[in-house]
Amino acid sequence: MTMNAFITGAYDTAVGKLPGSSCMGLHAEAALGALADAGLTVGEIDGVLCAYSFTEPHLMLASVFCEVLGIHPGTCLAIQAGGATACIMIMQAAALVASGQCQNVLVVTGDNRLSGLSRDGAVAALAEVGHPQFERPFGISVPAAYALVARRYMHEYGATSEQLAAIAVQHRTHALLHPKAQQRTPITVSDVLASKEIASPLRMLDCCLISDGGAAVIVSSKAAAAGTRHKAVEILGAGQGHTHEHIVAAPSLTDFGCKSSSATAFARAGVTAADIDVAEIYDSFTITLLVELESIGFFERGSAGIAAERGDLGIGGRLPCNTHGGLLSYAHSGAAGGMFHAVEAVHQLRGHAEARQVRDAKLAFVHGDGGILSAHCSLVLGVH
Amino acid sequence: MGRTGMGRPLPNPAAETRSFWEGCSEGELRYQTCEACGVVQITPRSVCSHCQSALLAWKRSSAVGTVLSFTTVHRAPTEAFRAMAPYTIVMVDMNEGFRLMVNCDRALLPTLAIGGRVRIGFEDVDGMKLPHAQALS
């Protein structure tokens, strides 16, 4: 099947601590990088989707960005869905080109969270997603909310801290193969288990990074994709799932919207989880990935942790996953965090992933989740 | 976001939650049920999460529930909570079918476990009564 939409350009900036960077500067660099990658000019962009920023927050971030870049597209808006934003923006861009409203939609994200906000500042800002009356008075933070999921998941399905640690180690192994990754020091399971306690059972190395960085993709119609530089990556399927916002109101602590979002995306693409060659799945915490791998159906309940220990998530494994190192070891800078997963999927499908290349990768799965496993969006991407 | 200042963020009651917080101040734990369909609301709200009726009634809870999950926070999100750390957050599924996130008595910690039964009492925080998990007996 087809959604009549193609990714024609993809780019991410340097990541990590980038002194002198700014939110809008990272947006501009990512956007121009994606345009150059596609071989398109600024004038060929007729739609712009932006996300949100912590360091330069604005009610109308997409309009601010267009002002900065000096462009006047026919369609321009910002989308906010936490970690699901990047995938939802791509899904929305696909709808815009498939319906004929746009030919080339620039989807751009970036924030200088590390240099512009500090680690403490970022943790405090993120904690504001907690329910103001029924969560925040009790000291909830994003790691604490995921820790509540982790404890319950471990109780029900027997996942262990060692298995979660194996996930962190696998991500670091991938990051070592990526010259741009923020964290390039090897780690072991013991290092993860000895890292600082954050919110039991999660430790520092179970948690994602805080980074500066930007990323963008261009989504084009079939006609517009024909003249671009690289083999276009087709958006074959997309789906969303939304079950709650606050963890206190989650219908389940073990089953989340990724189940329906992925089922919809697979059905639209006419494929199953078993057909996927490479997966780039949101990994805000080790437990996030474990829950999603099992909930989506890549692994049986209770077996994703064992699979991680066995190396199944490695390049050459049963399901190569987060081949760039993910949010855990590559980088995480707000909405760009999820966009890095999409950019990596494009590299893999074009065969441009160098030392990280998954052999004959033709079908990729990309997934983002926002809130506390609250909002989910899944994409199936492919090349012929 | 309620009275924040430099201290703990305290609840700022809204129309649909005022009765809950008034109950806490009187030592009574309250929850909402829908008079149209009977569904218990997991957290207070203005319309039923099942049938969207606005006919929500407040009831008094037995204040007993079961631990759904818990975490001990070492890395607190703000200065006020850093002064409390480590502290424990517990999610409790109440007998009547609603849910609370609360902190807990230190005395409860050694026996705190998923599936364990707890009682909800109230603790004074900067002049406001917040629900709080205690040992059942």
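In this predicted model, A:Asn4 lies in the segment that precedes strand E1 (6-12) of chain A. The phi angle of A:Asn4 is near 55 degrees, which is a positive value in a residue other than glycine.

The peptide bond that runs from A:Ser200 to A:Pro201 is cis, and its omega is near 5 degrees. A:Pro201 belongs to the loop between strand E5 (197-199) and strand E6 (202-203) of chain A. B:Pro86 is placed in the loop between helix H2 (79-82) and strand E4 (87-94) of chain B.

The next topic is the largest pocket. The space in this pocket amounts to about 980 Å³. Its lining consists of 48 residues, and those closest to the pocket centre are A:Arg113, A:Leu126, A:Val142, A:Cys208 and A:His332. Several elements of chain A each supply at least two lining residues: helix H4 (113-127), helix H5 (142-157), helix H6 (161-175), helix H12 (326-330) and strand E10 (363-370). Among the contributors to the lining, H4(A) gives the most, with 4 residues. Sorted by class, the residues of the lining are 27 nonpolar, 15 polar and 6 charged.

Attention now turns to how the two chains meet. The contact draws 31 residues from chain A and 38 residues from chain B. Between chain A and chain B an area of about 3,100 Å² is buried, and carbon and sulfur atoms give 63% of this area. On the side of chain A, the residues that lose the most area to chain B are A:Gln133, A:Phe134 and A:Phe138, which together account for 24% of what that side buries.

Chain B itself can be read in two parts. Its domain assignment gives domain 1 (12-60) and domain 2 (62-137). The contact between these parts takes 15 residues from domain 1 of chain B and 14 residues from domain 2 of chain B. The centres of the two domains, taken over C-alpha atoms, are separated by 20 Å. About 1,100 Å² is buried between domain 1 and domain 2 of chain B, with carbon and sulfur atoms giving 78% of that area.

The strands of chain B complete the account. Strand E6 (residues 117-125) of chain B pairs with E7(B) in the antiparallel sense, over 8 bridges. These two strands form a hairpin with 2 residues between them, and B:Asp126 in the turn has a positive phi of about 50 degrees. Within this pairing, B:Ile120 stands opposite B:Ala133 of E7(B). Strand E7 (residues 128-135) of chain B is also joined to strand E5 (residues 99-104) of chain B, by 2 bridges, and these two strands run parallel. In this case the residue that stands opposite B:Ala133 is B:Cys104.

Definitions and conventions: Residues numbered from 1 in each chain as written. Chains lettered and ligands numbered in written order. Predicted model: local features only at pLDDT ≥ 70, side-chain atom pairs only at ≥ 80, totals over all residues. Heavy atoms only, no water. Pairing = 2+ DSSP bridges. 1 Å grid on protein atoms, 1.4 Å probe; cavity = no way out; pocket = protein on both sides within 12 Å on 5 of 7 lines; lining within 4 Å. Points joined across faces, edges and corners; volume = space filled by probe spheres on them. Nonpolar A, V, L, I, M, F, W, Y, C, P; charged D, E, K, R; others polar. Domains from an automatic or database assignment. Contact = heavy atoms within 4.5 Å. Buried area = accessible area lost by both parts, 1.4 Å probe.
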